[in-house]
Amino acid sequence: QVQLVESGGGSVQAGGSLRLSCVVSGRAFSSYGMGWFRQAPGKEREFVAAISRFGSRTYYADSVKGRATISRDNNKNTVDLQMDSLKPEDTAVYYCAARYRGFVDADLSVDSRDTYWGQGTQVTASS
């Protein structure tokens, strides 16, 4: 069984920062491309950021480019998302995704058989 657990969410003022973390258990962490998605109430799931298996490639949604940094530590089996200069529109539940021997794509289906998801962590940025 592969499990993903997110943490680090919370409530901050606009302009503040949060660092989200996701820990993966069940298989070798380096076997997974990792990424983050988010979903606000009543809205569709939105891609945020992705990182390749060994951290050589990263990709960001335009909405967070310059404000978000994704990183991974293959010794700790974790992937982090540093969010700076948070805006009210960043408010959402953030989900960690792991794709076995693949890259997390922006249009990745939640039902993809080679992909695993965490339960999410709430991020709230208020003005």
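**Briefing: an all-strand predicted model**

Residues 24 or more positions apart account for 60% of the contacts (heavy atoms within 4.5 Å) that have a separation of 6 or more in the protein. The model is predicted: local features need pLDDT of at least 70, side-chain atom pairs count only at pLDDT 80 or more, and totals for chains, interfaces and linings use all residues. Residues are numbered from 1 along each chain as its sequence is written, and side-chain values use heavy atoms, with hydrogens and water left out.

**Fold and dimensions**
- The protein has 11 strands and 0 helices (DSSP runs numbered from the N terminus: E, at least two residues, for strands; H or I, at least four, for helices).
- Its radius of gyration, taken over C-alpha atoms, is 13 Å, close to the 14 Å from the globule rule for 127 residues, so the protein is as compact as a globular protein of that length. The rule is 2.2 Å times the number of residues to the power 0.38.
- The C-alpha trace spans about 40 × 30 × 25 Å along its principal axes.

**Burial**
- Of the 127 residues, 42% count as buried (under 20% relative accessible area, 1.4 Å probe, protein chains only).

**Disulfide**
- The whole structure contains 1 disulfide (cysteine sulfur atoms within 2.5 Å).
- Cys22 is joined to Cys96, with S to S at 2.2 Å; the link is left-handed, with -85° about the S-S bond.
- Cys22 lies in strand S3 (residues 18-25) and Cys96 in strand S9 (residues 92-100), so the pair ties together parts 74 residues apart in sequence.
- Cys22 is buried at 0% relative accessible area, and Cys96 is buried at 0%.

Definitions and conventions: Buried < 20%, exposed > 50% of the residue type's maximum accessible area, 1.4 Å probe, protein only.
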